[in-house]
Amino acid sequence: MSLNKAPKNNVFYRNQNWIYPRIAYGKGIYLYGEDGKKYIDACSGSAVANIGHGNEEVARCYEEQVKRIAFTHLSRWTVDVIEKCAEKISEWTPGDLNHVHFVSGGSEATEAAIKMARQYFIERDGKNTTKWKVISKWNSYHGATLGALSMTGDTPRRKIYDPMLLAFPKIPQFYHYRNPWGCKTLEETSIKAAQALEEEILRQGPENVAAFITEPVVGSAAPGAHPEKIYFEMVREICKKYDVLLIVDEVMSGFGRTGMKFGVDYFGVVPDIMTVAKGMSCGYTPIGAAIANGEVFETIMVKGSGNFVHGHTYGGNPLSCAVALCVINILEREGYVENAAKQGEYLMQKLQGLYKYPIVGDIRGKGLMIGVEFVKDRETKEPFDVSENIKGKVTINCLEEGVVVYPGGGSVDGVRGDHFLLAPPLNITKEEVDELYEKLERGIKKTCEQVL
Ligand SMILES: Cc1ncc(COP(=O)(O)O)c(C=O)c1O
């Protein structure tokens with residue numbers, strides 16, 4: 001039964017059980033409530049507002065582009081800013097990921113990527129190809145639309161839609177803290193997780209598998225979980241061996257979030273298709289992309305039919321492209337990727353102090369993409385029962401202290417498992433990290449006192 005706490009108006013909110021503070025404006029890493037309360041946006045919404053709130057340069061760019069040309073349909077026209085934005089993205093992406101198919105968000109990006117993979121095999125091998133399956137992982141998130149949700153391995157988000165989803169195979173995540181193989185080191189987990197891909201490809205039959213999709217650093221489903229380099233080296237080889245396309249989902253980790261341009265840069269491999277959104281425009285406009293390498297692009301668009309059978313009205317609109325280009329230029333000019341690496345390391349050091357609270361089980365991440373997982377018993381890693389609502393309590397206690405975290409659950413068995421993601425704007429300063437930590441610690445201390 002709904003608690004009906006959401007404001008009574010015409011908005012179909014996501015969660016009627018939540019009291020929604022009304023935000024008046026944002027500046028830098030802070031959000032300001034209409035009631036005068038100030039919050040540190042320690043999750044940038046959902047790892048989105050990476051250059052911080054209230055950027056005046058973006059506002060000017062927006063105004064200029066609206067006055068010049070806001071919308072043209074990409075099926076008929078091209079505009080300089082669309083081309084420049086794609087060029088800038090290609091400069092950022094590794095290897096020959098140079099062909100940018102614009103969409104309006106993360107789910108559209110992953111949907112486009114799997115359709116691209118399917119069409120690649122059709123164009124290359126003919127319409128009788130049997131390659132269509134996309135292998136993905138448990139404890140992963142790739143979006144909420146039905147194709148993206150079919151890849152998503154997050155039970156709470158899938159459950160009620162299960163009959164409507166595609167039967168895409170799932171393998172275990174490189175979620176070392178709760179790895180199913182009893183591995184003692186991250187390297188062992190990484191190897192086992194990569195071997196699981198080969199086993200699954202063989203089980204399904206390589207002739208039926210079109211692609212494998214993975215996040216480089218896990219976002220909401222097991223925040224901060226990441227592998228060692230060996231994982232991506234093995235996965236790259238396995239995909240090549242069995243003629244399977246490698247899709248790396250950088251929707252959350254891309255554009256500097258992890259302290260590198262892209263999460264996959266840590267591992268030195270180049271996927272066949274990369275998906276991006278969020279940090280590509282840092283929340284200043286809805287935009288995303290599926291970025292193809294030369295082989296995928298040439299096969300469909302040059303040697304093949306030349307017509308990607310996909311597209312959305314707003315995909316590649318000039319306004320969003322101008323804004324994204326402006327934002328990426330700011331990220332580059334201000335050195336925010338390097339700052340994410342530096343402040344991420346500093347924040348990670350500070351967070352070690354949270355281990356003095358017995359409910360803190362694991363802290364992991366890369367750059368400014370860090371997950372904190374809660375347990376009832378640190379020795380056995382037993383999670384709290386859902387009825388204890390730890391993620392809710394932590395979130396509210398942190399909010400009261402003036403710090404916003406991104407909570408999640410279900411990472412243990414699809415039901416239990418409480419965690420949150422920390423992903424503050426990449427322009428955060430050392431002093432702001434100190435402030436964030438102090439407030440966060442008070443929120444966790446209070447939660448600990450309430451539940452133990
Ligand atoms: C890795 C990843 N892929 C895809 C998505 C879906 O993006 P959107 O919510 O913009 O549809 C998300 C969103 O959190 C994500 O983190």
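This is a short tour of a predicted model, stop by stop. Residues are numbered from 1 along each chain as its sequence is written. Local features need pLDDT of at least 70 and side-chain atom pairs pLDDT 80 or more, while totals for chains, interfaces and linings use all residues; side-chain values use heavy atoms, without hydrogens and water.

Start with the domains. Colour 23–54 + 336–450 as domain 1 and 58–334 as domain 2; the bounds come from an automatic or database domain assignment. Their C-alpha centres lie 26 Å apart. The contact (heavy atoms within 4.5 Å) takes 41 residues from domain 1 and 40 residues from domain 2.

Next, select F102, F212 and L440. These have the most contacts inside the largest nonpolar core, which has 100 residues. Such a core is a set of buried Ala, Val, Leu, Ile, Met, Phe, Trp, Tyr and Cys residues joined through side-chain atoms within 4.5 Å, buried being under 20% relative accessible area with a 1.4 Å probe, protein chains only. Helix α10 (residues 318–333) supplies the largest share, 11 residues; helices are DSSP runs of H or I, at least four residues, numbered from the N terminus. Because domain 1 and domain 2 both give residues to this core, it lies between them.

Stay on F212 and show its neighbours: among those touching F212 are I135, Y231, C239 and L246. A second, separate core of 23 residues includes V103, V134, A210 and I273.

Finally, show helix α3 (residues 80–92) with α10. Their axes, lines fitted to C-alpha atoms over the stretch in contact, come within 8 Å and cross at roughly 35°. Residues making this contact include W92 of α3 and L325 of α10.

Conventions
Buried < 20%, exposed > 50% of the residue type's maximum accessible area, 1.4 Å probe, protein only. Helix = DSSP H or I, 4+ residues; strand = E, 2+ residues; numbered from the N terminus. Axes fitted to C-alpha atoms, helices over the stretch in contact; angles between N-to-C directions. Lists of a residue's contacts leave out its neighbours within four places in sequence.
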